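Visitor: Hi, I have a protein model open and I'm new to this. Could you walk me through it?
Guide: Happy to, let's look at it together.

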Amino acid sequence: MMERKKHLSIRMDQEQHDKLQYIASYDGRSMSRQILHLINQCIRNFEKEHGPIQTEDLE
């Protein structure tokens with residue numbers, strides 16, 4: 001079965017965009033991969049502090 005991906009659109013000011021682009025490039029990532037990296041880091045930090053998020057919690 002093919003994994004379904006979700007699309008997320010965000011708005012940011014030009015300075016934020018340019019700085020994030022700089023960091024992503026520095027780390028060898030695209031903007032999209034950099035944002036996913038930051039999201040995953042946020043999830044790991046949350047679960048480290050509060051425990052794993054269970055599938056039934058997502059409903």
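Visitor: Before we go on, what am I looking at, and how are things counted?
Guide: This is a predicted model, where local features need pLDDT of at least 70, side-chain atom pairs count only at pLDDT 80 or more, and totals for chains, interfaces and linings use all residues. Residues are numbered from 1 along each chain as its sequence is written, and side-chain values use heavy atoms, with hydrogens and water left out.

Visitor: Okay, back to Gln34. Is it buried or exposed?
Guide: Gln34 is buried, because its relative accessible area is 3%. The cut-offs are under 20% for buried and over 50% for exposed, with partly exposed in between (1.4 Å probe, protein chains only).

Visitor: And where does Gln34 lie?
Guide: Gln34 lies in helix 2, which covers residues 31-50. Helices (H or I, at least four residues) and strands (E, at least two) are DSSP runs, numbered from the N terminus.

Visitor: How many helices and strands does the protein chain have?
Guide: There are two helices and zero strands.

Visitor: What does Ala24 touch, apart from its neighbours within four places in sequence?
Guide: Ala24 is in contact with Arg29, Ser30, Met31 and Gln34.

Visitor: New topic: charges. How many positive and negative side chains are there?
Guide: The protein chain has 9 positive and 10 negative side chains, and the centres of the two sets lie 6 Å apart. Lys and Arg count as positive and Asp and Glu as negative, while His and the chain ends are not counted. Each charge is placed at NZ of Lys, CZ of Arg, CG of Asp or CD of Glu.

Visitor: How many salt bridges turn up in the whole structure?
Guide: The search finds two salt bridges. The term means a side-chain nitrogen of Lys or Arg within 4 Å of a carboxyl oxygen of Asp or Glu.

Visitor: Why would side chains pair like that?
Guide: Side chains of opposite charge can pair when their charged atoms come close.

Visitor: Which residues form these bridges?
Guide: Glu15 and Lys19 meet in one, at 2.9 Å from N to O. Asp27 and Arg29 meet in a salt bridge at 3.3 Å, N to O.

Visitor: How are Glu15 and Lys19 placed in helix 1?
Guide: They are four residues apart, so about one helical turn separates Glu15 and Lys19. Glu15 is exposed, with a relative accessible area of 51%.

Visitor: What about Asp27 and Arg29, how accessible are they?
Guide: Asp27 is partly exposed at 39% relative accessible area, and Arg29 is partly exposed at 27%.

Visitor: Now Phe46. What does Phe46 touch, not counting residues up to four places away in sequence?
Guide: Phe46 touches Gly51 and Ile53. Phe46 sits in helix 2 and counts as partly exposed, because its relative accessibility is 42%.

Visitor: How far is Phe46 from Glu15?
Guide: Those two are 28 Å apart in space, C-alpha to C-alpha, and 31 residues apart in sequence.

Visitor: Zooming out, what's the overall size?
Guide: The C-alpha trace spans about 40 × 30 × 20 Å along its principal axes. The radius of gyration is 15 Å, while a compact globule of 59 residues would have one near 10 Å. That radius is taken over C-alpha atoms, and the globule rule is 2.2 Å times the number of residues to the power 0.38.

Visitor: Last one: what share of the residues is buried?
Guide: Buried residues make up 7% of the 59 residues in the protein chain.

Key. Contact means heavy atoms within 4.5 Å.
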